[in-house]
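This report describes parts of one protein structure. Please look at the sequence and the structure first.

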Amino acid sequence: MLKLGTYNTLEIVKDRDQGIYLSDEEGNEVLLPNKYVPEEFELGDKLKVFLYLDSAERIVATNLEPFVIVNSFAYLKCTSVSEIGAFMDWGLEKELFVPFKEQATKMRTGSWYLIYVYIDKETNRLVASSKTNSFLDNKLVLLSSYDEVDLIASHPSPFGWNMIVNQKHLGLVYEDEIFQKITVGDQLKGFIKKVRPDGKIDITLQRHGFRGIEPNAQQILNELKASGGFIDLNDKSNPDDIKEVFQLSKKSFKKAIGSLYKAKKIVIEKDGIRIVE
């Protein structure tokens, strides 16, 4: 079965003037136009291609890599707006369509938006929506504390930043645990703090507890080496100064330099920390 909006590995079955035809195991064929045909190929070879609809609404193959595939989120630029909706640059010749009814706010040419790509059941076309929350589900969250997850920054809240978790769920990083600049569309790694009984997910951007000491300690060692072996910060320093240099809370910083001190990697001096040669 040809799978629209994602990658397919298909067999070359025909060589024609307009390109080569590829087939799945069920005998369904699709054209790979000449401009995408590899210089060398033989009938029977397998190619990995992306399938989408061309301007005539026919399924067509390409070896170009889009910025997003079906059933996933991405941060894309709006290239134009017409009387029927907006169009986004997703790395392919035919742009991605966002109907007006699927726009959380009216889209403007040149602006960037977080969108979700799906197949419209009525038209069988690939379309996008900026109403991203409607494509997230926290009813069944199969995640546990300490799990590492992939995040996309969705939108800020009074409490911190809402995050798309593993392309499936909505989670929150609280303001007092953010030590870096975050903007919509940023892709980050995070860690599960807690999954609440109602399905809400609390996330941290730092490893917590003893699991977080070693990565933070290595970060501090790297900064020390880059700074000539000394940094004028220690466990008595202002939290804002620590955050500016290391993007860590004072608590995480103290744990990390404590582990480095016990391992005899640093000495803690009155006016800073120094690496042990």
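Which residues are exposed on the other side of H3? They are Lys251 and Lys262, where exposed means over 50% relative accessible area, buried under 20% and partly exposed in between, with a 1.4 Å probe and protein chains only.

## Basis of the report

This is a predicted model, in which local features need pLDDT of at least 70 and side-chain atom pairs count only at pLDDT 80 or more, while totals for chains, interfaces and linings use all residues. Residues are numbered from 1 along each chain as its sequence is written, and side-chain values use heavy atoms, with hydrogens and water left out.

Helices (H or I, at least four residues) and strands (E, at least two) are DSSP runs, numbered from the N terminus.

Helix H3 covers residues 250-262, 13 residues in total. From first C-alpha to last, H3 reaches 18 Å, close to the 18 Å expected at 1.5 Å a residue; the expected span is 1.5 Å times one less than the number of residues. Ser252, Phe253, Ala256, Ile257 and Leu260 of H3 are buried. Seen down the axis of H3, these buried residues fall within an arc of 125°, so they line one face of the helix. The arc is that of the directions from the helix axis to the C-beta atoms. An α-helix has 3.6 residues a turn, so residues three or four places apart point the same way. After H3 comes lysine 264, with a positive phi near 60°.

Helix H2 consists of residues 239-246, and asparagine 238 caps its N-terminal end. A side-chain oxygen of asparagine 238 lies 2.7 Å from the backbone nitrogen of aspartate 240. Just after H2, glutamine 247 has a positive phi of about 55°.

## The hairpin of S9 and S10

Strand S9 (residues 112-119) and S10 run antiparallel and are joined by 4 bridges; two strands pair if DSSP finds at least two bridges between them. The two strands form a hairpin with 6 residues between them, and asparagine 124 in the turn has a positive phi of about 60°. Valine 117 stands opposite alanine 128 in S10. Leu126 and Ala128 point one way from S10, Val127 and Ser129 point the other way, and all are buried. In a regular strand the side chains alternate between the two faces of the sheet.

Serine 129 belongs to strand S10 and counts as buried at 0% relative accessibility. Its side chain reaches the backbone nitrogen of lysine 131 at 3.0 Å, a polar contact, that is, a pair of N or O atoms within 3.5 Å; within protein, one must be able to donate a hydrogen and the other to accept it, and residues adjacent in sequence count only if both atoms are side-chain atoms. Leaving aside neighbours within four places in sequence, serine 129 is in contact (heavy atoms within 4.5 Å) with residues including Val98, Tyr116 and Phe135. Serine 130 lies in the loop between strand S10 (126-129) and S11. With 12% relative accessibility, serine 130 is counted as buried. Not counting residues up to four places away in sequence, serine 130 touches residues including Gln103, Thr105 and Met107.

## The barrel

A closed barrel of 5 strands runs S11-S12-S13-S15-S14, with mixed pairing. Neighbouring strands of this sheet are turned by 55° against each other on average, direction ignored; axes are lines fitted to C-alpha atoms, for helices over the stretch in contact, and angles run from 0 to 180 degrees between N-to-C directions. Isoleucine 192 stands opposite isoleucine 203 in S15.

Valine 149 is part of strand S11 (residues 148-157). It counts as buried at 1% relative accessibility. Its C-alpha atom is separated by 6.5 Å from that of valine 165, 16 residues apart along the chain. Apart from neighbours within four places in sequence, valine 149 is in contact with residues including Val165, Asn166, Leu188 and Ile192.

## The loop between S12 and S13

Asparagine 166 lies in the loop between strand S12 (160-165) and strand S13 (169-174). Although not a glycine, asparagine 166 has a positive phi of about 50°. It is partly exposed, with a relative accessible area of 26%.

Glutamine 167 is found in the loop between S12 and S13. Its phi is positive, near 65°, in a residue other than glycine. At 33% relative accessibility, glutamine 167 counts as partly exposed.
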